[in-house]
Amino acid sequence: MSRDKVVATAAEAVADVTSGSSVAVGGFGLAGIPWFLIEALLEQGADDLTVVSNNCGVDGAGLGLLLERRRISRVVASYVGENEEFARQYLSGELTVELTPQGTLAERLRAGGAGVGAFYTPTGVGTLVAEGGLPWRHHPDGTVAVASPPKEVRSFHGREMVLEESIVTDVALVRAAVADRAGNCVFHAAARNFNPAAAMAGRLTVVEAERVVEVGGIGPDAVHLPGVFVQRVVPLTPEQAARKGIEQRTTRGERPGAGEEVRRALDA
């Protein structure tokens with residue numbers, strides 16, 4: 001394999017993703033999601049996708065676009081509270097959903113990338129996560145069609161723990177702040193959320209990078225994701241790199257008299 005993993009466009013990078021694929025997607029809410037790889041996959045047309053992601057975008061953005069076009073048949077996620085179309089499809093029996101505790105989901109992805117088949121965790125013991133019965137799919141009338149099975153529970157060091165299988169996906173789509181041409185990546189601040197773990201889990205991992213540098217342009221100690229986990233790098237334009245999003249913007253109104261306080265402080 002060539003050391004230079006840069007491809008020209010997002011469309012080229014996802015051209016061979018087939019219908020029925022499993023896809024791990026980085027990001028948390030809209031922070032750090034691979035905007036352009038998701039949109040390229042939407043245009044490419046693959047459907048019947050299993051998506052593994054902390055959440056499934058929001059209405060009209062991110063993975064929410066794939067949901068709206070009925071391209072996703074199954075979701076493994078932790079948090080889905082910002083997407084009304086997601087809730088509608090799930091409750092009406094159009095979408096299979098495996099809800100997973102957030103830390104467990106991150107570790108399932110990381111473990112898959114590390115070659116670990118399964119692991120034990122105390123998270124979920126004594127709940128439906130371990131005992132089974134979480135609704136995975138509904139009938140159109142709202143009754144449960146498919147429920148989660150019970151999982152193995154064992155005791156370690158005097159504490160009960162539940163067995164969780166790792167996750168390996170056909171494809172992973174992530175976004176990095178900086179990548180070199182060999183695929184070594186650096187993530188900025190909160191965008192370091194699920195991106196490294198999702199990248200590790202993919203058999204084919206594609207990174208959209210806000211900036212691409214030559215090999216050696218990232219110091220070894222600065223690498224968050226080694227290039228061994230990455231097969232393709234898509235450089236973004238400055239305009240694309242500037243595109244960010246937020247689910248809900250909350251601001252605090254200015255307190256009465258705050259401007260006068262600032263002026264007095266500057267005059268002091």
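Trainee: How many aromatic pairs does a search of the whole structure find?
Mentor: The search turns up 1 aromatic pair. Keep in mind that this is a predicted model.

Trainee: Which residues form the aromatic pair, and is it stacked, edge-to-face or tilted?
Mentor: Y120 and F156 form it, and the geometry is tilted. The ring centres are 4.7 Å apart, with 50 degrees between the planes.

Trainee: Where do Y120 and F156 lie?
Mentor: Y120 is in strand β5 (residues 118–121) and F156 is in strand β8, so the pair ties together parts that are 36 residues apart in sequence.

Trainee: What is the relative accessible area of Y120?
Mentor: Y120 has 25%, which makes it partly exposed. F156 also counts as partly exposed, at 25% relative accessibility.

Trainee: Switching to charges. How many salt bridges are there in the whole structure?
Mentor: There are 15. One of them joins D4 and R181, with the closest N and O atoms 2.9 Å apart.

Trainee: What parts does the pair of D4 and R181 tie together?
Mentor: D4 belongs to the segment before α1 (10–13), and R181 to the loop between β10 (169–180) and β11 (185–186), so the bridge ties together parts that are 177 residues apart in sequence. D4 is partly exposed at 36% relative accessibility. R181 is partly exposed too, with a relative accessible area of 27%.

Trainee: Which residue forms a salt bridge with K151?
Mentor: E164 does, and the closest N and O atoms are 2.9 Å apart. K151 sits in the loop between β7 (144–147) and β8 (153–156), while E164 is in strand β9 (residues 159–165), so the parts tied together are 13 residues apart in sequence.

Trainee: And E164, buried or exposed?
Mentor: E164 is buried, with a relative accessible area of 2%. K151 counts as partly exposed, at 29% relative accessibility.

Trainee: What does the side chain of R175 meet in a salt bridge?
Mentor: The side chain of E210, at 3.1 Å from N to O. R175 is in strand β10 and E210 in strand β12 (residues 202–213), and this pair links distant parts of the chain, 35 residues apart. R175 counts as buried at 4% relative accessibility, whereas E210 is partly exposed, with a relative accessible area of 24%.

Trainee: Which residues are linked in a network of salt bridges?
Mentor: R70, E85, R88 and E94 are linked that way.

Trainee: Now the inside. How many residues has the largest nonpolar core?
Mentor: That core has 32 residues, and L37, I72 and L173 have the most contacts inside it. Helix α2 (residues 35–44) gives the largest share, 5 residues. Another core, of 23 residues, lies apart from it, with A172, A179, A198 and A201 among its members. As background, nonpolar side chains tend to be buried together in soluble globular proteins.

Trainee: What does L173 touch?
Mentor: Leaving out residues up to four places away in sequence, L173 touches V14, V23, A24, V25, G26, P34, L37, L41 and V206.

Trainee: Back to α2. How many of its residues are buried?
Mentor: Of its 10 residues, 7 are buried, so α2 is largely enclosed by the rest of the structure. The buried residues are W35, F36, L37, I38, A40, L41 and L42. Just after α2 comes G45, with a positive phi of about 105 degrees.

Trainee: What about α5, how far does it reach?
Mentor: Helix α5 (residues 102–114) has 13 residues and reaches 19 Å from its first C-alpha to its last, close to the expected 18 Å.

Trainee: Which residues of α5 are buried?
Mentor: T104, L105, R108, L109, A111 and G112 are the buried residues of α5. They cover an arc of only 165 degrees around the axis, which puts them on the same side of α5. G115 follows the helix, and its phi is positive, near 80 degrees.

Trainee: Last one. Where is L91 found?
Mentor: L91 is in helix α4 (residues 84–91). Not counting residues up to four places away in sequence, L91 touches H138, H139 and G142. The C-alpha atoms of L91 and W136 are separated by 9.9 Å, and these two residues are 45 residues apart along the chain.

Methods
Residues are numbered from 1 along each chain as its sequence is written. This is a predicted model: local features need pLDDT of at least 70, side-chain atom pairs count only at pLDDT 80 or more; totals for chains, interfaces and linings use all residues. Side-chain values use heavy atoms; hydrogens and water are left out. Helices (H or I, at least four residues) and strands (E, at least two) are DSSP runs, numbered from the N terminus. The expected span of a helix is 1.5 Å times one less than its number of residues. Buried means under 20% relative accessible area, exposed over 50%, partly exposed in between (1.4 Å probe, protein chains only). The arc is that of the directions from the helix axis to the C-beta atoms. A nonpolar core is a set of buried Ala, Val, Leu, Ile, Met, Phe, Trp, Tyr and Cys residues joined through side-chain atoms within 4.5 Å. Contact means heavy atoms within 4.5 Å. A salt bridge is a side-chain nitrogen of Lys or Arg within 4 Å of a carboxyl oxygen of Asp or Glu. Rings of Phe, Tyr and Trp (its six-membered ring) pair if their centres lie within 6.5 Å; planes under 30 degrees apart count as stacked, over 60 as edge-to-face and the rest as tilted.
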